[in-house]
Structure formats: structure tokens, C-alpha cells
Amino acid sequence: MPETQETQIEHFPDRSLRRLLQDSEYVRGLVQIIAPDIETFLNFSRITYQKRSFISKALQERESDVLLSVPFQEDTDAIDTDALFIYILIEHQSTVDRTMGFRLLSYMVQIWESQRREWETAKTPENERRLQPILPILFYTGDRPWSVPVSLTSIMDVPEILERFVPSFDTLFLGVKETEAEALTQSGHPLGWLLRVLQKEHADETEISEALADAMSHIASVDEDFTPQVAEALRYFVQLIFHRRSRDERDALVDIIRQHIQDDKELETMAQTTAEFLIEQGKAEGKAEGKAEGRAEGRAEGKQDAVLKLLQLQFQHVPETLSREIRNIHNLTRLDTLLEQAMTAQSLEEIDTHFALKST
């Protein structure tokens with residue numbers, strides 16, 4: 001289906017996947033799909049997330065990233081383990097970037113530079129200073145096949161005799177749209193089924209309906225240990241439906257999800273709130289009655305309502321102080337940005353910190 005203003009929302013592709021990857025089990029599922037030989041050595045129960053990005057502001061519109069540290073256990077009986085970084089770059093633009101190898105290398109150098117600064121701050125003894133290895137992952141969701149190597153030599157005219165002087169490193173790559181569907185779900189992890197639906201985000205209604213029904217039948221039957229991941233998958237599917245599909249398809253697609261779950265109360269709330277979000281963003285047809293008409297003050301109030309509903313859905317409780325701070329924001333552009341952030345925020349603190357609400 002062609003992408004239209006109604007079916008597209010800025011930042012949805014990278015932020016929605018980034019939210020999933022804040023769950024260590026989804027990170028494990030990703031590594032399981034593209035590097036099962038490495039996954040067995042990683043202790044995901046002791047994962048540590050690094051709260052920073054290495055992407056320049058100029059590129060933040062097209063990609064997102066996740067950095068985490070995880071113990072590597074070469075001996076499964078060992079107690080003490082070394083850690084490695086996993087750096088996941090989520091690229092959602094369909095324009096294949098030939099400079100990706102250089103960009104990844106620059107991000108990796110920044111990670112190591114951060115580690116070096118930490119040594120200096122902590123006054124780490126020289127003989128204890130060790131850089132952590134980095135497992136770089138390029139997670140590509142664009143529609144065009146990725147046709148160029150992720151390397152420095154791909155953007156160089158370098159004689160063979162000089163190639164040994166060019167830095168080289170391997171990159172784990174997952175091109176969602178070009179990967180065989182069976183390869184995504186071979187491990188049985190919920191992430192694989194979720195990605196099979198993402199493959200059909202722009203397909204016709206019959207194809208995405210079949211993919212969604214197939215995915216839900218498998219996700220709904222997974223072990224109870226995956227309950228949190230199932231909840232996140234349902235949230236992702238609802239957002240995908242409302243951000244990528246036309247209005248006349250949405251009810252039928254949401255019904256497919258409803259048929260595979262026992263309690264659809266949260267599903268209804270999620271769908272309603274997402275629809276309100278799109279209306280406030282001007283991505284759906286028409287405007288919300290009584291809220292988007294008239295003065296800018298009325299439009300600001302409608303956007304404030306949408307933000308608070310999204311946060312209530314995400315975190316169940318919104319402190320009164322935060323609610324008042326949101327009510328004090330009247331700049332429509334800032335409220336639009338806050339709406340997008342609220343859709344995929346990991347914590348209420350992230351909202352408060354990112355937008356510096358207390359200074360409003």
C-alpha cells in the first residue's frame with residue numbers, strides 16, 4: 001500500500017523497535033536470529049543499558065540506536081565473566097547508505113572513547129584498563145534490499161596491496177524485508193513473528209491479515225515466561241496498524257489480535273488512545289470534535305489530553321506534578337514532539353528529563 005500522510009508517522013519505525021529492544025529478552029531474540037552461535041555465550045539476565053546515543057542530530061531523523069553491556073561467558077560454569085558491548089543501529093530509511101561502514105566505525109570509536117574517559121575519571125590503574133569488544137548490529141527495516149557491503153573498502157578505491165592498512169570489522173546484519181520469513185521464526189522467539197508482520201507493513205490487506213493471524217496464533221501460545229514480551233508485541237502490532245494502515249482496515253486487523261487474547265480491555269484502550277494520538281497529530285482524516293477546532297488554546301488542550309492518556313496507558317499512573325507540568329505546555333510544536341516521545345517512552349523520568357518540563 002502506498003505510504004500516505006494518514007498511514008505514516010514520523011519516527012515510528014525506529015522508536016517502536018527501540019522500545020522493544022529495551023527489553024533484554026528481545027535483544028536476546030535478535031541475537032538469536034542473526035548470530036545463534038554467539039547468543040549461547042551471552043548472559044542476558046545481567047544486561048546493562050547505556051543511556052546515551054552516538055548519532056548526530058543530523059541523522060536522528062533516519063535512525064536510532066541502542067547500546068548495552070552484557071557478560072560474555074566462554075565457560076558456562078564460570079562465575080567471573082568479561083563484558084562486551086552490543087551496539088544496535090536501527091536504520092529505517094529505504095535509501096541504502098554506502099558510508100554505513102564508516103559511520104559504524106565512528107560510533108564504535110565514540111563508545112571506546114567514553115570508556116577511556118571513565119578510566120580517567122575513576123583513576124583506573126593502567127594495568128586494569130581494557131577496552132570492551134563491541135558486537136555491532138545493523139537492524140535495517142527499509143524496503144530496498146541492502147546491496148552494498150558494510151565496510152570501509154566499499155567507499156574506497158584502494159589497491160589490494162594497501163587493503164591491509166584499512167580498518168576492518170564484521171557487522172551482524174538483519175535486513176528485515178529481505179530475510180526469508182522462515183529464517184526469522186526458526187528460533188520460535190516472539191520477535192521473529194513480530195518481524196514477519198513488519199515485513200508486510202505495506203502489503204495489501206489480505207497479506208498483512210494473514211501474517212498477523214499467523215503471528216498471533218504463535219505468540220499467544222508461547223510459554224508464560226514470555227508474558228511481558230507478548231504484551232509488548234501486542235502494543236507494537238496496534239501501533240503498526242494505526243501508523244501504517246488505512247482507517248478502513250484498522251478494525252478488522254485489531255479484531256485479529258482480539259481473537260487470540262483473553263482480556264481485550266487493554267487492547268481497546270491502546271487502540272483508542274493510538275487513534276486519538278493520530279487525530280491530534282493530523283495524520284488521520286478529520287479532526288477531533290471540539291478539540292481541534294477554533295483557537296490554538298483548544299488545540300493545545302487536546303494535545304495535552306492525548307499526552308496524558310498515552311502516559312496513563314504506558315505507566316498506569318501519572319504523578320500530579322508531571323500532569324501539571326504537561327498542562328503548562330502550550331506550544332503546539334513542542335506538544336507534537338512530546339506526543340511522539342510519549343508513544344515509546346521507557347519511563348516517566350525519560351519524559352521529564354528529555355523535555356526539561358520543569359523549566360517550562
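1. Helix α6 (residues 190-198) and helix α8 (residues 227-244) pack with their axes 11 Å apart and at an angle of about 5°, so α6 is roughly parallel to α8 (angles under 35 degrees count as roughly parallel, over 145 as roughly antiparallel). The model is a predicted one, in which local features need pLDDT of at least 70 and side-chain atom pairs count only at pLDDT 80 or more. Residues are numbered from 1 along each chain, and side-chain values use heavy atoms, with hydrogens and water left out.

2. On the α6 side the contact (heavy atoms within 4.5 Å) is made by L194, V197 and L198, and on the α8 side by A233, Y236, F237 and L240. By class, this contact has seven nonpolar residues, with no polar and no charged ones.

3. Helix α7 (residues 205-219) also packs on α8, their axes coming within 11 Å and crossing at roughly 165°, and the two helices are therefore roughly antiparallel to each other. Here L212, A215, M216 and I219 in α7 meet V230, A233, L234, F237 and I241 in α8, and by class this contact has nine nonpolar, no polar and no charged residues.

4. I219, which lies in helix α7, deserves a separate look. At 1% relative accessibility I219 counts as buried (under 20% relative accessible area, with a 1.4 Å probe and protein chains only). Leaving aside residues up to four places away in sequence, I219 touches P190, W193, V230, A233 and F237. The C-alpha atoms of I219 and H260 are 8.9 Å apart in space, although these residues are 41 residues apart in sequence.

Methods: Axes fitted to C-alpha atoms, helices over the stretch in contact; angles between N-to-C directions. Helix = DSSP H or I, 4+ residues; strand = E, 2+ residues; numbered from the N terminus. Parallel < 35°, antiparallel > 145°, perpendicular 65-115°, else oblique. Nonpolar A, V, L, I, M, F, W, Y, C, P; charged D, E, K, R; others polar. Buried < 20%, exposed > 50% of the residue type's maximum accessible area, 1.4 Å probe, protein only.
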